[in-house]
Amino acid sequence: MERPHYEPKELDRECENVVSKFLAGKYGKAEFPLSTNDLTQVIEREAEDLDLFADLSKYGTDVEGVTEFHPGAKPSVKISKVLAADERYQNRLRTTLAHEYGHVHFHAYLWDTQPPGADLLRRNPDANRQICKRDKILGAAQYDWMEWQAGYVCGAILMPASRVRRLAGDYLESHHLYGPKLDTHHDARLMVLTILAPQSVTPKIGPLRKTARRSPPSA
């Protein structure tokens with residue numbers, strides 16, 4: 001399958017545009033953080049169905065999301081029931097939902113233009129499924145381009161670039177912190193934690209948003 005190339009700034013711009021338009025249409029204005037309910041509605045607008053209580057154990061104990069693609073139709077999204085059933089996993093649930101949305105929005109068209117053949121599906125029944133393991137939701141290597149892109153989208157949906165810049169600017173100004181030394185200063189870590197705290201996201205998103213301008217290497 002031919003890889004679509006997206007610059008990080010393109011992913012940031014598209015994700016913020018999608019979410020801002022959705023929120024403005026529903027509430028008359030776009031305010032963040034995006035609620036879990038609104039996040040599910042964003043997915044449901046583009047997916048055939050969204051199952052928040054799926055049994056994904058057949059794919060492995062570390063699989064938390066699956067997006068199934070259908071040529072000529074909308075994809076289906078399944079989220080591990082383990083995440084939705086336990087309040088302790090709400091941040092992981094939100095992260096997984098946003099990750100799967102990355103596949104829905106940016107990758108579904110590939111199955112229209114390059115659908116897997118019948119022979120391939122016989123050899124590999126999961127050829128039309130993107131099976132997402134816990135450690136790749138945000139931590140995929142850049143050569144694993146579908147997971148890397150979906151992981152980047154996860155951060156861009158939950159923490160839009162303009163909001164991150166605004167929050168970081170407010171923090172720096174209020175703490176009188178300036179200059180390139182911030183990256184190695186202990187206040188840099190405090191700034192990240194302060195920005196992340198009200199967003200209801202896993203701390204692993206922090207480094208991902210810090211490198212928002214870094215592109216994956218060419219395939």
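Which residue of strand 4 is the bridge partner of Val-66? Select Val-66 and then Ile-131, its bridge partner in strand 4. The model is predicted, so local features require pLDDT of at least 70 and side-chain atom pairs count only at pLDDT 80 or more, while totals for chains, interfaces and linings use all residues. Residues are numbered from 1 along each chain as its sequence is written, and side-chain values use heavy atoms, with hydrogens and water left out.

**Whole chain**

Display the chain as a cartoon. It contains ten helices and four strands; helices (H or I, at least four residues) and strands (E, at least two) are DSSP runs, numbered from the N terminus. Of the 219 residues, 47% count as buried, that is, under 20% relative accessible area, against over 50% for exposed and in between for partly exposed (1.4 Å probe, protein chains only).

The axes used for angles are lines fitted to C-alpha atoms, for helices over the stretch in contact, and angles run from 0 to 180 degrees between N-to-C directions.

Now centre on strand 2 (residues 63–70), which runs antiparallel to strand 4 and is joined to it by five bridges. Strand 2 is also antiparallel to strand 3 (residues 73–80), again through five bridges. Within that pairing, select Glu-68 and its partner in strand 3, Ser-76.

Move to strand 4 (residues 129–133) and show its side chains: Gln-130 and Cys-132 form the covered face, whereas Arg-129, Ile-131 and Lys-133 form the uncovered one. In a regular strand, side chains alternate between the two faces of the sheet.

**Helix 1 and helix 2**

Finally, select helix 1 (residues 8–27) and helix 2 (residues 36–46), which pack at about 105° with their axes 11 Å apart. Helix 1 is therefore roughly perpendicular to helix 2, the term for angles of 65 to 115 degrees. Residues in contact (heavy atoms within 4.5 Å) include Phe-22 and Tyr-27 of helix 1 and Val-42 and Arg-45 of helix 2.

Note on methods
Two strands pair if DSSP finds at least two bridges between them. Angles under 35 degrees count as roughly parallel, over 145 as roughly antiparallel, 65 to 115 as roughly perpendicular and the rest as oblique.
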